[in-house]
Amino acid sequence: MQPKVYLNGRFLPAEEAHVSVMDRGFLFGDGVYEVIPCYGGRLFRLAHHLERLDHSLQGIRMANPLSHPAWQEILERMIEQLPSGDQSVYLQVTRGASGKRDHAIPGEIEPTIFIMTSPAVYADPAKIGSGVAAITLQDNRWHRCNIKAITLLANVLLRTDAVDQGAAEAILIRDGKAMEGAASNLFIIADGIIITPRKSEHLLPGITRDLVLELASANDTPFNEAEISEQRLKDADEIWLTSSTKEIMPVIELDGVRVGNGKPGPIFLKMSGLYADYKSRLQAGTVEN
Ligand code: PDD
C-alpha cells in the first residue's frame, strides 16, 4: 500500500491531496524544501535539517509555520507508515495561495505544508564501486544557493545537460571556482588532504557534507574548507559528490578525462567505510543521531 501524504494538517492518499492552482509554489516556485533520510526508523540528523529549513524560510521572508517538536511529531507519524527498511522523506513549505498572481509577497497568506515519504533508493552499489562520470558546467544559478528553494529550474537543466552527455552529475563553476554539483556537494583530494568549498551563498550547506567533515575530524583524516579553482579540480587525485540520496559518490572521470587512476581512491574508500559504519550504528540505534 502507498503511504499517505501529509497536506496542511491531514494525512491522506496522494491522489486525494490537492493544492490550489493559485498556490505561489505552483505559480512562482515560491517555497523551500528538505529531503531527510530515515535509517532504521530514525530520522537522520533531524535537528540539522530543521535548522536548515528555518534558515531557508528566513531567507524567503517566511516564518516557520510549525515548531520543531510539531514537525518531529508529524514526520514520525509519516515514517511509521513504512515500518521496515530505510526511507527518504520529502517536505516542502510554500507561501500558499492568494487571490491573484502578483510577484510581491502578499500580507495575509496561509502557507502550504506538504510531506511525502518513499522507500530509500540508494545509489547503485556497482556505481559506487566503479565511480561515475561528471562534467563541468558554468553555474548559472542565482546568488542565494544556500536557500533550499523549490525553484530548481537551473539545477534541473544543468543535471539534464550532464545526463545528455552520459555523466551522472554537473559540477558547477562560478568565477573560475568549483562550487558544488547540480544536486550534491563537492569534495576533492589534493596532496592527501580532503578539500571542500567553504559554505557561502553559492552552495547549499549539505547535511551529508557536514557529516563527512565530522567523520574526517573524528578519524584523524586531514581536511580543509577552501576554494577549489577549476584547475585544482582538474588536477585532483580524487573527486567525490555527497548528498542525502547519493551519500558519498566517487567521480572517476571529469569532462572525459580520468580522475587519478580512474578508480575510486583510497581516501574515498576510507571515508565511505566510515560513513557505512556510522549508518549501521544509526540503524542499530547505537549512535547519537
Ligand atoms: N539535494 N547541493 C545541492 C544543490 C543539493 O540539491 C543537495 C541535495 C546537496 C546535498 O545536501 P544534503 O547532503 O543535505 O542532501 C547539495 C537533495 C537531495 C535533492 O534536491 O533531492
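How many salt bridges does the rule find across the interface of domain 1 and domain 2? In this predicted model, the rule finds 1 salt bridge across that interface. The two domains are taken from the domain assignment of the protein, which places domain 1 at residues 5–119 and domain 2 at residues 125–284. Their C-alpha centres are separated by 26 Å.

The interface itself involves 27 residues of domain 1, which are in contact with 22 residues of domain 2. About 2100 Å² of area is buried between domain 1 and domain 2, and carbon and sulfur atoms give 59% of this area. A salt bridge joins the side chains of Arg45 and Glu214, with an N to O distance of 2.7 Å. Arg45 falls within the bounds 5–119 of domain 1, and Glu214 within the bounds 125–284 of domain 2. Polar contacts also span the interface, where the rule finds 11 residue pairs, both members at pLDDT 80 or more. On the side of domain 1 that touches domain 2, at least two residues are supplied by each of α1 (24–28), β3 (31–39), α2 (46–59) and β5 (87–94). Strand β3 provides the largest share of this side, with 7 residues. By residue class, the side of domain 1 that touches domain 2 comprises 12 polar, 9 nonpolar and 6 charged residues.

The ligand is surrounded by 20 residues, of which Tyr33, Arg52, Glu180, Thr208 and Ser244 are the closest. Tyr33 and Arg52 belong to domain 1 by the assigned bounds, whereas Glu180, Thr208 and Ser244 belong to domain 2. For Ser244, an N or O atom in the side chain is 2.6 Å from an oxygen atom of the ligand. In the case of Ile207, a polar backbone atom is 2.9 Å from a ligand oxygen atom.

Over the whole structure, the search finds 15 salt bridges. One further pair is formed by the side chains of Asp30 and Arg95, which meet at 2.7 Å, N to O. This pair links distant parts of the chain, 65 residues apart: Asp30 is in the loop between α1 and β3, and Arg95 is in the loop between β5 and β6 (112–119). Side chains of opposite charge can pair when their charged atoms come close.

Note on methods:
Residues are numbered from 1 along each chain as its sequence is written. This is a predicted model: local features need pLDDT of at least 70, side-chain atom pairs count only at pLDDT 80 or more; totals for chains, interfaces and linings use all residues. Side-chain values use heavy atoms; hydrogens and water are left out. Domain bounds come from an automatic or database domain assignment. Contact means heavy atoms within 4.5 Å. Buried area is the accessible area (1.4 Å probe) that two parts lose on being put together, summed over both. A salt bridge is a side-chain nitrogen of Lys or Arg within 4 Å of a carboxyl oxygen of Asp or Glu. A polar contact is a pair of N or O atoms within 3.5 Å; within protein, one must be able to donate a hydrogen and the other to accept it, and residues adjacent in sequence count only if both atoms are side-chain atoms. Helices (H or I, at least four residues) and strands (E, at least two) are DSSP runs, numbered from the N terminus. Ala, Val, Leu, Ile, Met, Phe, Trp, Tyr, Cys and Pro count as nonpolar, Asp, Glu, Lys and Arg as charged, and the others, Gly among them, as polar. A residue is near a molecule or strand if one of its heavy atoms lies within 4 Å of it.
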